[in-house]
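Here is a short report on one protein model. Look at the sequence and the structure, then read on.

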Amino acid sequence: MITFEHRTEPLLSKRAFIARLLRSAAAAFVILLGSLGLGVFGYHVFCELGWLDALVNASMILSGMGPVDPITTTAGKWFESAYALFSGVAFLTSVSVFLAPAIHRIMHRLHVESADEPS
């Protein structure tokens, strides 16, 4: 018979939780900023757009709004297709990274409360 030791640890202090949340927000910001930089570079190189137009298009794709300028080059169309797929994953990843500490705290709190109740 397999038995499991049931051990609960106390919740992090509010200060430590906020520090963890800020680290997660910073990581999510880095993911978004890196994704945006990749998009700006790709739009500038493959789609032959100016830097500002590349920024606008990358921002719009990353936020899920869609492209602004029509793309005329074949390489640009390949890039835009790949970047659109990548952007969806990057956005969801950044949201997950940002929300992970809060979701973890909620689950931990529920586990601590249920562990305190008699069986």
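## Overall build

This is a predicted model. The protein has three helices and zero strands. Read along the sequence, the pattern is α-α-α.

The protein has 119 residues, and 24% of them are buried. Now take the contacts with a separation of 6 or more: 64% of them involve residues 24 or more positions apart.

## Helix 1

Helix 1 covers residues 14-46. Its length can be checked. At 1.5 Å a residue, its 33 residues should span 48 Å. The end C-alpha atoms of helix 1 are 47 Å apart, so the model agrees with that expectation.

Which residues of helix 1 are buried? They are F17, S24, A28, S35, L36, G39, V40, G42 and Y43. What does S35 touch, leaving aside its neighbours within four places in sequence? S35 is in contact with L62, Y83, F86 and A90.

## The loop after helix 1

E48 sits in the loop between helix 1 and helix 2, just after helix 1. Is E48 buried or exposed? Its relative accessibility is 62%. Exposed means over 50%, so E48 counts as exposed.

The backbone of E48 deserves a look too. Most residues other than glycine have a negative phi. E48 is not a glycine, yet its phi is positive, at about 60°.

## Helix 2

Helix 2 covers residues 51-62 and has 12 residues. From its first C-alpha to its last, helix 2 reaches 16 Å. That is close to the 16 Å expected at 1.5 Å a residue. Its buried residues are A54, N57, A58, I61 and L62. Seen down the axis of helix 2, these fall within an arc of 125°, so they line one face of the helix. An α-helix has 3.6 residues a turn, so residues three or four places apart point the same way.

M60 is also found in helix 2. Its relative accessibility is 27%, so M60 counts as partly exposed. Beyond its neighbours within four places in sequence, M60 is in contact with M65, G66 and V68. M60 and A84 are 24 residues apart along the chain, and their C-alpha atoms are separated by 9.9 Å.

## The loop between helix 2 and helix 3

S63 lies in the loop between helix 2 and helix 3. At 44% relative accessibility, S63 counts as partly exposed. S63 and L32 are 31 residues apart along the chain, with 9.9 Å between their C-alpha atoms. G64, which follows helix 2, has a positive phi near 90°.

G66 is in the loop between helix 2 and helix 3 as well. Is G66 buried or exposed? Its relative accessible area is 16%, so G66 is buried. Leaving aside neighbours within four places in sequence, G66 is in contact with M60 and I61. G66 and A84 are 18 residues apart in sequence. In space, they are 8.4 Å apart, C-alpha to C-alpha.

Helix 3 covers residues 74-116, and M107 lies in it. The relative accessible area of M107 is 56%, so M107 is exposed.

## Points to keep

The protein follows the pattern α-α-α. The buried residues of helix 2 line one face of that helix. S35 of helix 1 is in contact with residues including L62 and Y83.

Terms used. Residues numbered from 1 in each chain as written. Predicted model: local features only at pLDDT ≥ 70, side-chain atom pairs only at ≥ 80, totals over all residues. Heavy atoms only, no water. Helix = DSSP H or I, 4+ residues; strand = E, 2+ residues; numbered from the N terminus. Buried < 20%, exposed > 50% of the residue type's maximum accessible area, 1.4 Å probe, protein only. Contact = heavy atoms within 4.5 Å. Expected span 1.5 Å × (residues − 1). Arc of directions from axis to C-beta.
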